[in-house]
Amino acid sequence: MLFTKTIRLIIPLLLLLPAKAMPQTNPSELVGLTLEELLSINVYGGNALNGGKPWFLQYAYRSLEIGGYQHGTNRLNLEEVSFSPGSARTASNYPVVPTLITQNIHAFSTGYRVSESFSVSVSVPLIEQDTDHYSIVPGFSEFNIATDGIGDIALNGSFILPSSGSHIYTVNVGVSLPTGSIDETGDTPRNGPGTFERLPYTMQLGSGTYDLLLSTSFSNSGQVIDYGGSLNSIIRQGTNDNDYRLGNNYALRGWATYRWNQRFQPGVAVSFRHTDDIQGMDLGLTVPGPFPFPASITDPDNFGGKKAKVGFNARICVQESCDLSFLFEINKPFYQDLNGIQVREKTEIALSAKFSF
Amino acid sequence: MRYVTILLLVFSQGLAAAAVDDAESLVKASVVYNIARFVTWPEKSNEENAADLIICIQNDNHLVTALSDLAAAQARGDTFSLRLVERFGGQNVDCHVAVLSEDDLDQVDLSAMARDAILTISDTAEFVNAGGSIEISRVGRNMGFSINRRIEELSGVLLSSQILQLAQKVI
């Protein structure tokens, strides 16, 4: 239903936008222009990052490690989080404790510039993730659970707002489709060895809801330094089939790149992200008794929080036209204020290849 | 039927966008030509320059096609000649303007070219800081350029006040 509504919103906007990509493209017209007229031509239009080409194909790989415990801004050691027989069981210690979560995402994207100021894109993620656990349950003292498969497919429309000079402002509207599974299962200690139960929220591949993707960005190009900022949000809609909704997500990011030459542009970025906790609860993850959550990652209150990261990146263009480019990124959190008891984020590494044509 | 119409509109807009793939190179080539029109070489008047203007470019430069298209499209009486050179370095080139790529910079002496009254132009970043005369660069959605006036001191080439005013940076 939401998807239909989004399409109905995007199509009228698309039809209102101009089809003309650039007014002068004929050599005989260009040769008659004055220098002032040439410099006023919107050469890069809304597709400055695509080098003026209407299509792009992109493969992006992102690897994230999550390990070590934290409550708010306070770090906790494993003994403080794990429940040991003989000690008091509380809402802050658990018989099952994830120690390291690894997530690898392979995202395949394509985009098309429909007009000077409007482009569309689709992104399909393939997700691989696994979690190492420690527990007091016999037969499960150390165990690993893994899931993999297609994640939530995202459709995006990007609008370039009218502006002059070296500034570019964009507004992006999209929708994330619930194509990722929320029913992944594994052999957990919940019902003993050899039984497969539904896995916690972090091990699922999708949100299970139609999510609105709204963002706006600003960029400025100088002689050798480009800089900009963006505000991104993921607004979850409704509740999924397992009776919960992942938290809304809001991120602010600032970046700058240095144009060393046409083929190499190193950059730096700083981002701040706020994520709400999970609304509702998957009752299939709980156990009877006064402490229903066998592991921290089964408690919906132990999700979300505030994170700030600094990242370094480098873009390498194969040719001066930059039709084929590679981007390397490394991001490291320098501030994390987490809701409840959570495993904290470590280093994130990303590599991508983009071909414009 | 409504959706077929929408698809056709989207497709037609896409064709318009595809037709401008080489727009960036064409505009750069036009900027090269236009800047050269506002330069006076020693012992020549501006009017003579326009007719005799020789723009040299190495044949593997990414702007060759755009400059060739522009040369073919120019009006009679207001012309420039495009001269393709095998290699700039070590070759005694007879040009008013040399369009250089990043790869060319390793093999040319920019000061020597300036002393020979050759206006060097490139879209390589930091070109004017390296001693080149004109650097074409992206300024937001538009094209812009920077100027290094050293060629005026070295050879008596004169850059008109108009291009000095339009430049993003003059050093």
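Q: Where in chain A does A:Val318 lie?
A: A:Val318 is in the loop between strand 16 and strand 17 of chain A. Strands here are DSSP runs of E with at least two residues, helices are runs of H or I with at least four, and both are numbered from the N terminus.

Q: What kind of model is this?
A: This is a predicted model, in which local features need pLDDT of at least 70 and side-chain atom pairs count only at pLDDT 80 or more, while totals for chains, interfaces and linings use all residues. Residues are numbered from 1 along each chain as its sequence is written, chains are lettered from A and ligands numbered from 1 in the order in which they are written, and side-chain values use heavy atoms, with hydrogens and water left out.

Q: Why is A:Val318 called partly exposed?
A: The relative accessible area of A:Val318 is 44%. Buried means under 20%, exposed means over 50%, and partly exposed is in between (1.4 Å probe, protein chains only). A:Val318 therefore counts as partly exposed.

Q: What makes A:Val268, A:Phe312, A:Ile316, A:Val318, A:Phe326, A:Phe328, A:Ile330, A:Ile349 and A:Leu351 a patch?
A: These residues form a nonpolar patch on the surface, with about 710 Å² of accessible area together. Patch members have over 30% relative accessible area and no salt bridge; nonpolar side chains (Val, Leu, Ile, Met, Phe, Trp, Tyr) are joined within 5 Å, like charges within 9 Å. The areas come from the Shrake-Rupley method with a 1.4 Å probe, and for residues only the protein chains shown count as cover.

Q: Which strand supplies the largest share of the nonpolar patch?
A: Strand 17 of chain A does, with five residues. Strand 16 and strand 17 each supply at least two.

Q: Why is the pair of A:Trp55 and A:Phe357 called stacked?
A: It belongs to a set of 13 aromatic pairs over all chains. The ring centres of A:Trp55 and A:Phe357 are 6.2 Å apart and the planes meet at 10°. Rings of Phe, Tyr and Trp (its six-membered ring) pair if their centres lie within 6.5 Å; planes under 30 degrees apart count as stacked, over 60 as edge-to-face and the rest as tilted.

Q: How far apart in the chain are A:Trp55 and A:Phe357?
A: They are 302 residues apart, with A:Trp55 in strand 1 (residues 55-72) and A:Phe357 in the segment after strand 17 (324-356) of chain A. Ring pairs also link A:Trp55, A:Tyr112, A:Phe355 and A:Phe357 into a cluster.

Q: What makes the pair of A:Phe140 and A:Phe143 edge-to-face?
A: The planes of A:Phe140 and A:Phe143 stand at 85°, with 5.3 Å centre to centre. A:Phe140 is buried at 4% relative accessibility, and A:Phe143 is buried at 12%.

Q: How do you know that A:Lys354 lies over the ring of A:Phe56?
A: A:Lys354 is 4.6 Å from the ring centre, over the face of A:Phe56. The criterion is NZ of Lys or CZ of Arg within 6 Å of the ring centre and within 35 degrees of the ring normal.

Q: Why do A:Asp282 and A:Arg198 count as a salt bridge?
A: Their closest N and O atoms are 2.8 Å apart. The term requires a side-chain nitrogen of Lys or Arg within 4 Å of a carboxyl oxygen of Asp or Glu. A:Asp282 is in the loop between strand 15 and strand 16 and A:Arg198 in strand 9 (residues 196-198), so the bridge ties together parts 84 residues apart in sequence. A:Asp282 is buried at 3%, whereas A:Arg198 is partly exposed at 25%.

Q: What makes A:Lys309 and A:Glu345 a link between parts of the chain?
A: Their salt bridge has its closest N and O atoms 2.6 Å apart. A:Lys309 belongs to strand 16 and A:Glu345 to strand 17 of chain A, so parts 36 residues apart in sequence are tied together.

Q: Why is A:Ser296 called buried?
A: Its relative accessible area is 2%, so A:Ser296 is buried. Leaving aside neighbours within four places in sequence, A:Ser296 is in contact (heavy atoms within 4.5 Å) with residues including A:Tyr69, A:Tyr94 and A:Ile341.
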